[in-house]
Amino acid sequence: MNEGLFTNEITILGIGNIILSDEGFGVKVVEYLQKNFSFPENVSLIDGGTLGIELTEFVTGTKKLLIIDSIDGEKDSGTIFKFVGDEIKNHFNEKISAHEIGIQDVLTSLELTNKKIPDVIVIGAQPFNLDAGTDLTPQMKKLLPIVADMALEILSDWKINFRRKE
């Protein structure tokens with residue numbers, strides 16, 4: 001079986017462009033999780049940046065995929081989103097950003113090659129600012145631990161044991 005390059009049973013994938021302020025939210029949440037929590041060996045935390053279809057090699061073979069992203073849900077800035085199952089396809093089919101198209105391409109490619117990931121969840125928040133800059137806006141920084149807690153809750157539902165670092 002062709003397993004992903006770095007993939008384990010569970011993959012947490014943070015995506016986004018870290019030089020466009022709040023667009024880098026997904027990557028920043030994964031960095032927050034890596035800094036503050038320890039995870040078992042069967043969990044991979046990946047900074048997917050803006051790789052697009054190239055992400056396929058990192059997630060092929062995973063059984064559960066949690067994607068964290070800055071999400072344009074056409075709602076008020078700061079709105080938090082969670083998409084599961086068909087909600088993912090419905091949302092990402094309408095997107096035009098490069099990495100959002102990449103997510104849909106990755107999931108479709110895996111489905112077409114009979115390597116579909118059984119459980120996929122996407123969480124994130126509507127950005128406040130997408131101007132050039134490497135820092136999240138103060139408002140988005142406040143959402144970081146909230147979305148990280150959502151990720152941890154999902155991992156708990158998946159029966160993954162993790163612990164806060166000292």
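Predicted model: local features only at pLDDT ≥ 70, side-chain atom pairs only at ≥ 80, totals over all residues.
A residue is called buried here if its relative accessible area is under 20%, exposed if over 50%, and partly exposed in between (1.4 Å probe, protein chains only). Residues are numbered from 1 along each chain as its sequence is written, and side-chain values use heavy atoms, with hydrogens and water left out.

The chain has five helices and seven strands; helices (H or I, at least four residues) and strands (E, at least two) are DSSP runs, numbered from the N terminus. Read from that end, the elements go β-α-β-β-α-β-β-α-α-β-α-β. Contact means heavy atoms within 4.5 Å, and of the contacts with a separation of 6 or more, 80% are between residues 24 or more positions apart. The accessible surface of the chain comes to about 8500 Å², with 50% of it belonging to carbon and sulfur atoms (Shrake-Rupley method, 1.4 Å probe; for residues, only the protein chains shown count as cover).

Now for the helix pair. Helix H1 (residues 25-36) packs against helix H5 (residues 138-157) at an angle of about 65°, their axes 9 Å apart. Axes are lines fitted to C-alpha atoms, for helices over the stretch in contact, and angles run from 0 to 180 degrees between N-to-C directions. From H1, Phe25, Lys28, Val29, Tyr32 and Leu33 take part, meeting H5 residues that include Met140, Leu143, Leu144 and Pro145. Sorted by type, the residues of this contact come to 12 nonpolar, no polar and one charged, where Ala, Val, Leu, Ile, Met, Phe, Trp, Tyr, Cys and Pro count as nonpolar, Asp, Glu, Lys and Arg as charged, and the others, Gly among them, as polar.

Threonine 11 sits in strand S1 (residues 10-15) and is buried, with a relative accessible area of 0%. Its side chain makes a polar contact with the side chain of threonine 62 at 2.9 Å; such a contact is a pair of N or O atoms within 3.5 Å, and within protein one must be able to donate a hydrogen and the other to accept it, with residues adjacent in sequence counting only if both atoms are side-chain atoms. Leaving aside neighbours within four places in sequence, threonine 11 also touches Ser44, Ile46 and Val59, among others.

Glycine 52 lies in the loop between strand S3 (43-49) and helix H2 (56-59). Glycine 52 is buried too, at 9% relative accessible area.
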